[in-house]
Amino acid sequence: MNKKNIVIYSTAFLIVLLDQFTKFFIKQNLQLNQSIPIINNIFHLTYVTNTGSAFGLFKGFNAIFTAFSLIVIITIFYYLKRINKNEKILQFSVGLLLGGTLGNLIDRIIHGAVIDFLDFRVWPVFNVADSAVTISIAILIILLWKK
């Protein structure tokens with residue numbers, strides 16, 4: 001492993017681990033479409049599956065999003081050598097993107113759909129990987145805007 005990319009790989013590994021552990025926990029403890037209020041009418045754990053993109057958008061396109069995930073992962077590895085070792089925020093952001101993409105790709109391959117469970121009632125149900133990808137994209141936009 002290239003020492004320069006330790007932040008990327010560590011971040012990605014932690015996101016995949018947290019994402020897959022939480023999804024395993026949900027699958028083991030809830031029935032599909034079951035919802036448990038944590039804070040009534042504000043935050044629930046709701047077990048749903050999603051064949052679309054993040055936050056339940058574009059449902060029914062699992063194969064397309066599987067292919068897109070593979071393209072994103074290949075692109076990340078292709079561009080790794082262009083990230084400087086002093087660009088820690090960029091490395092962290094790329095790690096979030098890689099981990100989130102891998103987390104949902106694992107679901108798509110194993111389950112044929114992504115497992116979602118974080119339900120704030122005012123937004124589509126999502127998961128740790130979706131959050132990592134969204135945060136990563138926000139950071140990348142800010143970094144690109146600054147350049």
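F120 is partly exposed in this predicted model, its relative accessible area being 38%. Its ring pairs with that of F43: the two centres are 4.7 Å apart and the planes stand at 35 degrees, so the pair is tilted. F43 lies in strand β2 (residues 43-50), whereas F120 belongs to the loop between β3 (114-119) and α4 (128-146), so the contact ties together parts that are 77 residues apart in sequence. The two partners can also be described by their accessibility. F43 has a relative accessibility of 16% and counts as buried, because buried means under 20% relative accessible area; F120, at 38%, is partly exposed.

The structure holds four aromatic pairs. One of them is formed by Y9 and F77, which are stacked, with 6.3 Å from centre to centre and 25 degrees between the planes. This pair links distant parts of the chain: Y9 sits in helix α1 (residues 6-29) and F77 in helix α2 (residues 62-79), 68 residues apart. Y9 is partly exposed, with a relative accessible area of 23%. F77 is likewise partly exposed, and its value is 41%.

Another kind of contact with a ring involves Y78 and K81. The charged end of K81 sits over the ring of Y78, at 4.4 Å from the centre of that ring.

Definitions and conventions
Residues numbered from 1 in each chain as written. Predicted model: local features only at pLDDT ≥ 70, side-chain atom pairs only at ≥ 80, totals over all residues. Heavy atoms only, no water. Phe/Tyr/Trp six-rings, centres within 6.5 Å; stacked < 30°, edge-to-face > 60°. Helix = DSSP H or I, 4+ residues; strand = E, 2+ residues; numbered from the N terminus. Buried < 20%, exposed > 50% of the residue type's maximum accessible area, 1.4 Å probe, protein only. Lys NZ or Arg CZ within 6 Å of the ring centre and 35° of its normal.
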